[in-house]
Amino acid sequence: MPSRLPLWIKLVFTLWVAVWATSYFVKLGWQNFLWLCDLASFLILVALWCENRLLMSAQLLAVFVVGVFWALDVGSALLIGVHPIGGTEYMFNAEMPLYFRLLSLFHLFLPLVAAYGVWKLGYDRRGLWLQTALTWIVLPLSLAFTEPERNINWVQGPFGRPQETLDPLMYLLGLMLIWPIALYLPTHGLMMLKRFLPGRRPR
């Protein structure tokens, strides 16, 4: 069966992940890879090489809305000096090397790579359930095994800020429900309307 994804994009993305992951591991340690958007980089890499429609679809859900919010927050901070969402303040931290901050621009191109993969491979609606299941595994792990001050995946509080209103476990359960509804369902709904995508077949 001929490849549906060009070799060059697989090689370029592999090189990117090698550079990015090495830099992040040295600077931030393994805990940072529990961020769902960071984890998506590795899963998109697997999906590219395996040309796996299900995995690519799941990762498009993982990164599309997050990438839009990230871009809006950084763009707003650049234009008017305000972070309306929060969580990207590190991009303007002069104490952090510029090259390292620039590595975080992967939030902009991950959605493009995933969208291209879905365009070529087709959208698999089971991706919603796969990504939700993955999220329900990663969020408790983030709470249990990461430093609270890092607030990875916002398990300590929304918008990068700690919360003290709810019991931590109650907050976690709420986050596990809100995350798929707010971040995955909008993209899933859009994809279900795109019946012209190659590879999509009625089930």
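**Salt bridges, core and surface of the predicted model**

Glu51 is buried, at 13% relative accessibility (buried denotes under 20% relative accessible area, exposed over 50%, and partly exposed the range in between, with a 1.4 Å probe and protein chains only). The structure is a predicted model, in which local features need pLDDT of at least 70 and side-chain atom pairs count only at pLDDT 80 or more, whereas totals for chains, interfaces and linings use all residues. Residues are numbered from 1 along each chain as its sequence is written, and side-chain values use heavy atoms, with hydrogens and water left out.

Glu51 is placed in the loop between H2 and H3 (helices, H or I of at least four residues, and strands, E of at least two, are DSSP runs numbered from the N terminus). Its phi is near 50°, a positive value in a residue other than glycine. The side chains of Lys10 and Glu51 meet in a salt bridge, with an N to O distance of 3.0 Å (a salt bridge is a side-chain nitrogen of Lys or Arg within 4 Å of a carboxyl oxygen of Asp or Glu). This pair links distant parts of the chain, since Lys10 lies in helix H1 and Glu51 in the loop between H2 and H3, 41 residues apart. Lys10 is buried, with a relative accessible area of 7%.

Arg4 also forms a salt bridge with Glu51, the closest N and O atoms being 4.0 Å apart. Here too distant parts of the chain are linked: Arg4 belongs to the segment before H1, and 47 residues separate it from Glu51. Arg4 counts as partly exposed at 32% relative accessibility. The count of salt bridges comes to three. In the remaining pair, the side chains of Arg126 and Asp124 meet at 2.6 Å, N to O. Salt bridges that share partners join Arg4, Lys10 and Glu51 into one network. Asp124 is buried at 2% relative accessibility, while Arg126 is partly exposed at 43%.

A positive phi of about 50° is also found at Asn151, which is not a glycine. Asn151 is located in the loop between H6 and H7 and counts as buried, at 5% relative accessibility.

The largest nonpolar core contains 47 residues, of which Phe13, Trp20, Ile44 and Met56 touch the most other members (a nonpolar core is a set of buried Ala, Val, Leu, Ile, Met, Phe, Trp, Tyr and Cys residues joined through side-chain atoms within 4.5 Å). Two or more residues of this core come from each of H1, H2, helix H3 (53-80), helix H4 (98-103), helix H5 (106-121), H6 and helix H7 (168-193). When residues up to four places away in sequence are not counted, Trp20 touches Phe33, Asp38, Ser41, Phe42, Leu103 and Phe106 (contact means heavy atoms within 4.5 Å).

On the surface, Phe25, Val26, Trp30, Ile137, Leu141 and Phe145 form a nonpolar patch with about 660 Å² of accessible area together. Patches are made of residues with over 30% relative accessible area and no salt bridge, nonpolar side chains (Val, Leu, Ile, Met, Phe, Trp, Tyr) being joined within 5 Å and like charges within 9 Å; accessible areas come from the Shrake-Rupley method with a 1.4 Å probe, and for residues only the protein chains shown count as cover. The largest share of the patch, three residues, comes from H6. Trp30 is placed in the loop between H1 and helix H2 (36-50) and is partly exposed, at 48% relative accessibility.
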